[in-house]
Amino acid sequence: MSITDMTAVELAAAIRAGETTAVEATKAMLDRIEERDKNYNCYVTVDREGALAQAGKVQAKIESGELTGPLAGVPVAIKDNMCTEGLLTTCSSKILHNFVPTYTAEAVLNLQKAGAVILGKTNMDEFAMGSTTETSAYGVTKNPWNTEHVPGGSSGGSAAAVAANECYYALGSDTGGSIRQPASYCGTVGMKPTYGTVSRYGLIAYGSSLDQIGPLTKDVTDCATVLEAISTHDEKDSTSVKREDTDFTSALVDDVQGMRIGIPNDYFGEGLDEEVKTAVLKAAEQLEQKGAVVEHFDLSLVEYAIPTYYTIAAAEASSNLERFDGIKYGYRTEDYAGLHNMYKKSRSEGFGEEVKRRIMLGSFVLSSGYYDAYYLKALRVKALIKQAFDEAFAKYDVILGPVAPTTAPKLGSSLADPIKMYLGDIYTIAVNLAGLPGISVPCGSDKNGLPIGLQLIGDCFREKKLIQTAYTYEKIRGAFPKASKEVG
């Protein structure tokens, strides 16, 4: 096995055993990025010099016995909307093309404390607004399984980097499915934790009540290990929750005997690709054969999730993105007449089309005369959606369904029809609206060889149930193929 083919946990074990070093692993991964990333465009910034220096320091701490954890010495990629001190952080937007933060996001800091080595920052949809990683100011990211297809978004660079073996694992952020959907498209494992489990301090906000940081990994063991490392209470984040049950690796148990799994009928209707439906239901059948109790049920209000999500997310985005005005940091237009003209021109030139579309939609729903009709109504529906999930979780331990209606679409096809792109989030956004945890695990491929993802959804703070179910399914499924068709 090549050193770059190892999982994060396998590599850390090999480093602890003296079979390799953090420096060797980091160099191997950086060489691979240099050789391969021109085909995929997973990274916005690669910090070769910084990563090798970091790896040397981490290796010394491992050898002295100071670092003994399951991620010590393992190189990681970070989505480009998480602040990293001294390292360019752009949100894949022209408006932040020169922004170098003076501090590091708490989740990234937690990884560094665990001995992680940061390789660089991954490409994403601009300000996390998109589902394809095509709205980036730094060009599109391509799916390592087939470079004519998108990797999903907005954490497409992170998912593609894991799939292409250009990092051992990555961090992404999930506002409406932005970890789980690219994980599904790229054949990786991706998890969105319960809202408040991972600190949002240092995450450049899109929709503050919906955003959550989570891992993208090669398997469920890595997913649980990374989640355990980044889940800490943070006083700097007012939404951070103090939890005593973040020993997620304890849930890596191959057992679903008596587990109650609910399958929403609403997720298997019109618009779902037949191959996706077949693969997901086969996974449910395999879990049932292993001892789980599987039932179909009706989950109400599904059709209202998309308008509710886009109303709330756009409203929060229009507020959060006010700070990018060309004054304090980032892009400023060169030619302007007066302060207000500078604001307008800097924002017009600095933001891309999709970001402008969502800012305008958000400003509209928050405006006088429309606030009650749209924004307040959306908040009421959000509460009803949470209530519908509460009722479901009174009966079931886990809800099972698809991640996305189709496998990865071709490059260019989604951007041509933004509404179609928005509809692609139908199975993921309700999880964010209700603040629930969700995980995507590869469960098959379509006729073109593109991966299909299985989504498992849990009640608040029940990540362990999801990890146990996902781990058991992974054992039933066996090794998933890799995106091995290397582009020359």
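Which residues line the largest cavity?

## The largest cavity

Let's start with the answer. The lining of the largest cavity is made by Ala 128, Gly 130, Ser 131, Gly 153, Gly 176, Gly 177, Ser 178, Tyr 206, Tyr 309, Tyr 310, Arg 358 and Asp 425. Keep in mind that this is a predicted model.

How do you find a hole like this? Rolling a probe the size of a water molecule over the atoms shows where empty space is left. A search of the whole structure turns up 3 cavities of 30 Å³ or more. The largest cavity holds about 80 Å³ of space. Sort its lining by class and you get 4 nonpolar, 6 polar and 2 charged residues.

## The second largest cavity

Next up is the second largest cavity, with about 60 Å³ of space. Around it you'll find Tyr 267, Leu 299, Ser 300, Leu 301, Val 302, Ala 305, Ile 385, Phe 389, Ile 426 and Ala 430.

The class count for the second largest cavity reads 9 nonpolar, 1 polar and no charged residues.

Now for a helix. H3 runs over residues 48–63, which is 16 residues. From its first C-alpha to its last, H3 reaches 23 Å, close to the 22 Å expected at 1.5 Å a residue.

Which residues of H3 are buried? They are Ala 51, Gln 54, Ala 55, Val 58, Gln 59 and Ile 62. These residues cover an arc of only 140 degrees around the axis, so they sit on the same side of H3. The spacing idea behind this is handy: an α-helix has 3.6 residues a turn, so residues three or four places apart point the same way.

What covers the buried residues of H3 includes helix H1 (8–16), helix H2 (22–40), helix H4 (106–113) and strand E3 (117–122). On the face turned away from the buried side, H3 carries the exposed residues Glu 49, Lys 57 and Glu 63. After H3 comes Gly 65, with a positive phi near 85 degrees.

## Met 29, a buried residue

Finally, take a look at Met 29, which belongs to helix H2. Is Met 29 buried or exposed? Met 29 counts as buried because its relative accessibility is 0%.

Who does Met 29 touch? Leaving aside neighbours within four places in sequence, Met 29 is in contact with Thr 4, Leu 119, Asn 165, Glu 166, Cys 167 and Tyr 168. Take Thr 4 from that list: Met 29 and Thr 4 are 25 residues apart in sequence, yet 6.4 Å apart in space, C-alpha to C-alpha.

Notes:
Residues are numbered from 1 along each chain as its sequence is written. This is a predicted model: local features need pLDDT of at least 70, side-chain atom pairs count only at pLDDT 80 or more; totals for chains, interfaces and linings use all residues. Side-chain values use heavy atoms; hydrogens and water are left out. On a 1 Å grid over the protein atoms alone, a cavity is a set of points where a 1.4 Å probe fits but cannot get out, and a pocket is an open set with protein on both sides within 12 Å along at least five of seven lines; lining residues have an atom within 4 Å of a point. Grid points are joined across faces, edges and corners, and a volume is the space filled by probe spheres set on the points. Ala, Val, Leu, Ile, Met, Phe, Trp, Tyr, Cys and Pro count as nonpolar, Asp, Glu, Lys and Arg as charged, and the others, Gly among them, as polar. Helices (H or I, at least four residues) and strands (E, at least two) are DSSP runs, numbered from the N terminus. The expected span of a helix is 1.5 Å times one less than its number of residues. Buried means under 20% relative accessible area, exposed over 50%, partly exposed in between (1.4 Å probe, protein chains only). The arc is that of the directions from the helix axis to the C-beta atoms. Contact means heavy atoms within 4.5 Å.
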